[in-house]
Amino acid sequence: MRPARLTVAAAAAVVAAITAVTGCSQKSESGSADLVRVAASDSACEVSTKEFPAGKVAFEVENKGSKVTELYILFPDDRIVAERENIGPGTKATITAELKAGDYEVACKPGMKGDGIRQSVKATGSGGTEKRSPEADAAVAAYRKYVQEQADETVPKAQAFADAVKAGDVAAAKKAYAPSRIGWERTEPVAESFGDIDPKVDVREDGLEPGQDWTGWHKLEQSLFAGNKIDDADKKLAEILMTDLADWQKKVGQAEITPTSMANGAKELLDEVATGKVTGEEERYSHTDLVDFKANVEGAEKAYELLKPVTSKTDPALTAELDKQFAALNNLLEKYRPNKASYEFTAYDKVTDEQRKELSDGVNALAEPLSKLAAAVAK
C-alpha cells in the first residue's frame, strides 16, 4: 500500500520531475479521449462534468491544495479503474481510462489518506464496447496470464517465508523475506485494484488508517530486521499473510484489465520506485529496497513490452524513447547486482547519497516518457 511517504515539499519536488502536465480542452492532448477536468484541494474534489460519453476518457487533475493528493476512478464497489498517486501541490496529472457505460466515482485523497472526497459520475452511450485491435487484445490476454503467473509463483515463496516465521527461525525468515515479495511488486497495481488486499499485506506503519491493525510483510519485516526476533504474534501474522495472499491469488484472474490500465499500471510502478524505493522508505528495516526496485521496473517493462505492438504504430518516437530509457535504468541497476545469476542486490543502506541521486535521475528519465504511454495506447 502507498502511504503518504514524503513530506509535502519532497513529494512536490518528486512529482514536478516525473508528472506530465497537459492543457485544458474538451479533448485530451492526443485528441482521442474526452477530457474531464478535476480541481482537487484539501477540502474539495470538483469535476468539470458529471456525465460524459463512455469510451476513452482522460481525467486531468490539478492539485490546488497544500497537501499531496491522489486521484482514483472507482467502480461503485470500490474496485479501482485507474489511479494516480503523489500529485504535489500546484501540479497537474492526467489519467486515461477506458470506461463502459455505467456509474463511477472520482475520489481525491488529500494527504493520501482515508476514503477521499468523492464525486459520483456517469459514463453514457455505447463507447468503450468497440472492438480493440488484435494487438491490443493480445496484450491484454498476455498480461492477464502474466499477473496470474506472478501470483502463482509468489504464494509458495511466501509460504516458505511464513513457515520460517512460524518455526521461529529468524535467519531463514530473513533470507526468505525479499524473494517472497518479488511477484507482488511486479504486479502491485493489479493487486491494489481490489482495494482491500493491499492494506492488509503491504502497508507500512506510517500508512495505517485510524483503528487499522498492522498486518502483512512490513510488520514481520520490523520484527525480524529491527527486533531480530519472532514472537507468537508474529507467527499468527504469518498465517494471516498467507490467507490474504491466497485471496489475492484467487482474485487476480478477475481483475479488470484494459490496454490503458496496463499503461497506467506501468506508470504507477515507476511512481512506487520514485516515492518509496529510491528514498529507502519501503524496506526501512531489511534494506532490500533494490529487490523491490528491480521488480517494479520489470513489471512496468512487461506491460510496456506487451503494448509495444500498439505504440509502435501510434507513437514510434515514444516507443524508441521508452526502449532507450528502460535499457538505461536496467543497466544502472545491474551495478548493484554482484551475482548476475541471482536476484540479490546491494543492501540499500550501503548505497551512498550520490548513488541514490543517480538512481533517482534514472527513474525520472524513464517516468517522463512512461507518463505518455496511456495516451499513446488510447490513440
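Reader: Which way do strand 1 and strand 4 run, parallel or antiparallel?
Author: This is a predicted model. In it, strand 1 (residues 34–40) and strand 4 run parallel, and seven bridges join them.

Reader: Which residue in strand 4 is the bridge partner of Val-38?
Author: Val-61 is the bridge partner of Val-38.

Reader: And strand 7, how many bridges does it have with strand 4?
Author: Eight bridges, with strand 4 and strand 7 (residues 92–99) paired in the antiparallel sense. Among the residues involved is Glu-60, whose partner in strand 7 is Thr-94.

Reader: How many residues of strand 4 are buried?
Author: Seven of the nine residues are buried, and strand 4 (residues 55–63) is mostly covered.

Reader: Changing topic. How many disulfides turn up in the whole structure?
Author: The search finds one. Cys-45 is joined to Cys-108, with an S to S distance of 2.0 Å.

Reader: What parts does that pair tie together?
Author: Cys-45 lies in strand 2 (residues 45–47) and Cys-108 in strand 8 (residues 102–108), so the link ties together parts that are 63 residues apart in sequence.

Reader: What is the handedness of the link between Cys-45 and Cys-108?
Author: Right-handed, with 55° about the S-S bond.

Reader: Is Cys-45 buried or exposed?
Author: Cys-45 has 1% relative accessibility, so this residue counts as buried.

Reader: And what is the relative accessible area of Cys-108?
Author: For Cys-108 the value is 0%, so this cysteine is buried.

Definitions and conventions. Residues numbered from 1 in each chain as written. Predicted model: local features only at pLDDT ≥ 70, side-chain atom pairs only at ≥ 80, totals over all residues. Heavy atoms only, no water. Disulfide = S-S within 2.5 Å. Helix = DSSP H or I, 4+ residues; strand = E, 2+ residues; numbered from the N terminus. Buried < 20%, exposed > 50% of the residue type's maximum accessible area, 1.4 Å probe, protein only. Pairing = 2+ DSSP bridges.
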